[in-house]
Amino acid sequence: MTKRVKLECIEPLRKKGAPIIIVAAVREAEAIANACKENGIKISAFCDTEKRKTLEKFCDLDVVHTPNIPNKYPDARFIIASHHIIDVENQLTEMGYNEFYSALKLFENYNVENYEYRISKSYMKSRIDSYKKTHSAYFDDTKLYMRSVDIMVTTKCSMKCESCSNLMQYYKNPQDSDYIKTIESLEILRSHVDDISEYRIIGGEPLMNKNWSNIVNVIIEKNPKRKVYIYTNGTISPKEDQIKNFNGKDVNFIITDYGKLSRNVDKLTELLNKNEITYVRTPAENWLECGTIKQHNRTVEDQKEIFKQCCVKYVYTLLDGKLYRCPFIANANNLKAMPDNPSNYVDLFSKTDSVQNQLKRLMNVAKFFPGCDFCVGRPYDPTSKIGYDGKGMITPAKQSKEILKYKLYK
Ligand code: SF4
Ligand code: SF4
């Protein structure tokens, strides 16, 4: 397939021409800016679809809101720092631009150690490794690369957030995912993709599944070069023997701190510190309401818009033997809150359809999924109304007394 994004960037970008803009102000954009300087390439600005990122400078340069680029830079050349190369290519093409470059060649001789960054050097290194894999897969149609996969190990949660974006508020009979099926699903997935960099253990509250650490241990054993992230709400502190094998194995905890609701967060961090396991503890903030299930009957154009704006459309989610592109469709389909449509997922246990072909189809969906019609949207820019039909910014983690109702499709 002809590629609109160019691989060879150093010589053409060194030459005088239209201003050069880096898309977007993501973490690895800092390294791309350094590599440009090393190679005599002059950058004029960054651009980003998230308005909040345009409020301050990035690497001493302006960050322009992407929709404003044509006003400010009617002619421009672009270096794509985003991993979502096809999205950027489509967006800029629609805006009338036609000169896009990957930074792959810039990274060939780049030494991460030579600079300081906003993030740690080791994290920058892993971001660049993952960038190289996603961009290489773009140029090689035979490769299937997944930056990360979210493994839903349970639909149980120790909290009852009314607007849970993973839709836990609708489960009348929340369940742990079947252990054997989860392990088999991961094995099938692994055998059909070239690489997965990150495995993310999620729920509900994943620590409610008594097999959560066994699942992590299998992932560690089968995939030596990967990262594992465990997403928890700080209500549960595991037993020491559940985590003792994680030390030095690149297993990390991501703790959302809900204040008083996270009743065991201090105990948990103490345990992680004692066992030298890395974690990040961040307060719950910036919640955009996106937990409503509602059929919209949108036009095709509106469906494309909601999908284009969506910030979680590459959050591959594994649930009950099926792989989805986002947690909303995964759970809405699991709840039977939308008609069952195989275009929404890959059935990893399918006896009739090749998993490889299903995966290629799922990974290449660029317009929208049928399931998007049931979603209010989850735009990159939470202040934007484009492609969004929800209640806007809400108080995080408001607790619900009851299970929420929804329309069941049989
Ligand atoms: S803590 Fe709240 S947001 Fe997180 S999974 Fe549970 S119900 Fe959902
Ligand atoms: S259903 Fe579509 S718009 Fe909604 S979160 Fe998923 S991919 Fe995004």
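This is a predicted model: local features need pLDDT of at least 70, side-chain atom pairs count only at pLDDT 80 or more; totals for chains, interfaces and linings use all residues.
Okay, let's start at Gly204, which lies in the loop between strand S8 (195-202) and helix H8. Helices and strands here are DSSP runs numbered from the N terminus (H or I, at least four residues, for helices; E, at least two, for strands). Residues are numbered from 1 along each chain as its sequence is written, with chains lettered from A and ligands numbered from 1 in the order in which they are written.

What kind of peptide bond joins Gly203 and Gly204? A cis one, with omega at about 25 degrees. Both glycines turn up again in the shell of ligand 1. Along with them, that ligand is surrounded by Cys157, Met159, Cys161, Cys164, Asn166, Met168, Glu205, Asn233 and Ala397. To get into a shell, a residue needs its C-beta atom, placed from the backbone, within 6 Å of the molecule. By class, this shell has six nonpolar, four polar and one charged residues. The classes go like this: Ala, Val, Leu, Ile, Met, Phe, Trp, Tyr, Cys and Pro are nonpolar, Asp, Glu, Lys and Arg are charged, and the others, Gly among them, are polar.

Let me pick Ala397 out of that shell. You'll find Ala397 in the segment after strand S16 (393-394). Leaving out residues up to four places away in sequence, Ala397 touches Met159, Cys161, Tyr258, Leu261 and Ala284. Contact there means C-beta atoms within 7 Å, placed from the backbone. Meanwhile, the C-alpha of Ala397 is 42 Å from that of Asn111, 286 residues apart along the chain.

On to ligand 2. There are 15 residues around ligand 2, and the ones that come nearest are Cys310, Lys313, Cys326, Cys372 and Cys375. Helix H11 (300-309) and helix H12 (327-334) each put at least two residues into that shell.

Next, helix packing. Two packed helices are described by the angle between their axes and the distance between the axes. Take helix H7 (residues 179-192) and helix H8 (residues 212-222): their axes come within 11 Å and cross at roughly 25 degrees. The axes are lines fitted to C-alpha atoms over the stretch in contact, with angles from 0 to 180 degrees between N-to-C directions. H7 and H8 are therefore roughly parallel to each other. In these terms, under 35 degrees is roughly parallel, over 145 roughly antiparallel, 65 to 115 roughly perpendicular, and the rest oblique. On the H7 side the contact uses Tyr179, Thr182, Ile183, Leu186 and Arg190, and H8 brings Asn214, Ile215, Val218, Ile219 and Lys222. Those residues split into six nonpolar, two polar and two charged.

Now the pair H2 (residues 27-38) and H6: their axes come within 9 Å and cross at roughly 85 degrees. That makes H2 roughly perpendicular to H6. Arg27, Glu28 and Ala31 of H2 meet Met124, Arg127, Ile128 and Tyr131 of H6. The count here is four nonpolar, no polar and three charged residues.

H6 (121-139) also shows up under helix H4: the buried residues of H4 pack against H6 and against strands S1 (5-6), S2 (20-23), S5 (77-80) and S6 (100-102). Those buried residues are Ile85, Asp87, Val88, Glu89 and Leu92. After H4 comes Gly96, with a positive phi near 100 degrees.

The peptide bond from Val23 to Ala24 is cis, with omega near 10 degrees, and Ala24 sits in the loop between S2 and H2. Asn286 has a positive phi near 55 degrees without being a glycine, and Asn286 counts as exposed, with 10 C-beta neighbours inside 10 Å. Lys336 is another non-glycine with positive phi, near 60 degrees, found in the loop between H12 and strand S15 (346-347).

Definitions and conventions. A residue is buried if 20 or more other C-beta atoms lie within 10 Å of its own, exposed if 12 or fewer, and partly exposed in between; C-beta atoms are placed from the backbone. Two residues are in contact if their C-beta atoms, placed from the backbone, lie within 7 Å.
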